[in-house]
Amino acid sequence: MAARTSWLIAWLIKTVFAFIVATLTSVHGTAMVAFVVLVFIDLLTRWIALCYKHLQDCSRDNDLYSCIADIPMAIKAGYINSDAMKHRFVGKIIVYMVLTVMAVNVDKLLFASGETPIILKVVWTYLAATEAMSVLENLRDAGIEQAGSLLVFLRERTTILLDRFKQK
């Protein structure tokens, strides 16, 4: 009985591991990992922007390194609310997953009806672009001048790209 139980547990662990590897290495899994990374970077740059404000209010140096080093103090001072940030992070990931599932299924219907499946590409492009713009906004708010110019450029390019999708 014990041998059967250990065999069953080993089989279950291998199945779960195979499922995770297959999911993460698939196109959709890779995209999910990319979106998790983008949302995490957005979260981190938001913290940096809040630390920039905290350091300004305290009349201290607010260069990038100082902002990163100030994260624990900004949390203690209430500038960063980790619970709100955590819920925003998880909420975004859930929304991105729901939108991906929706887009995949709409594309299946488009393909089945003889149309070009384009919805997934549009959704992923839009979500990636908005995350990138959010990161740039946060860096701009943290006093990084180059981020502002890059943000303007990205907004222009995203508008052009999305207009191209509208024409299809």
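This is a predicted model: local features need pLDDT of at least 70, side-chain atom pairs count only at pLDDT 80 or more; totals for chains, interfaces and linings use all residues.

Trainee: What counts as a cavity or a pocket, and what is a volume here?

Mentor: On a 1 Å grid over the protein atoms alone, a cavity is a set of points where a 1.4 Å probe fits but cannot get out, and a pocket is an open set with protein on both sides within 12 Å along at least five of seven lines; lining residues have an atom within 4 Å of a point. Grid points are joined across faces, edges and corners, and the volume is the space filled by probe spheres set on the points. In this structure there is one cavity of 30 Å³ or more.

Trainee: Which residues line the largest cavity?

Mentor: Look for Val39, Asp42, Leu43, Met85, Arg88, Phe89 and Lys92. The elements giving two or more residues to that lining are α2 (27-57) and α5 (82-112), and α5 gives the most, with four. Helices (H or I, at least four residues) are DSSP runs numbered from the N terminus.

Trainee: How does the lining of the largest cavity divide by residue type?

Mentor: Ala, Val, Leu, Ile, Met, Phe, Trp, Tyr, Cys and Pro count as nonpolar, Asp, Glu, Lys and Arg as charged, and the others, Gly among them, as polar. This lining has four nonpolar, no polar and three charged residues.

Trainee: And how much space lies in the largest pocket?

Mentor: About 250 Å³. Of its 13 lining residues, His28, Met32, Met97, Thr100 and Val101 lie nearest the centre. Again α2 and α5 are the elements that give two or more residues, and α5 has the largest share, six. The pocket lining divides into nine nonpolar, four polar and no charged residues.

Trainee: How far does α2 reach from its first C-alpha to its last?

Mentor: The expected span of a helix is 1.5 Å times one less than its number of residues. With 31 residues, α2 reaches 45 Å, close to the 45 Å expected. Just after α2, Ser59 takes a positive phi of about 55°.

Technical notes
Residues are numbered from 1 along each chain as its sequence is written. Side-chain values use heavy atoms; hydrogens and water are left out.
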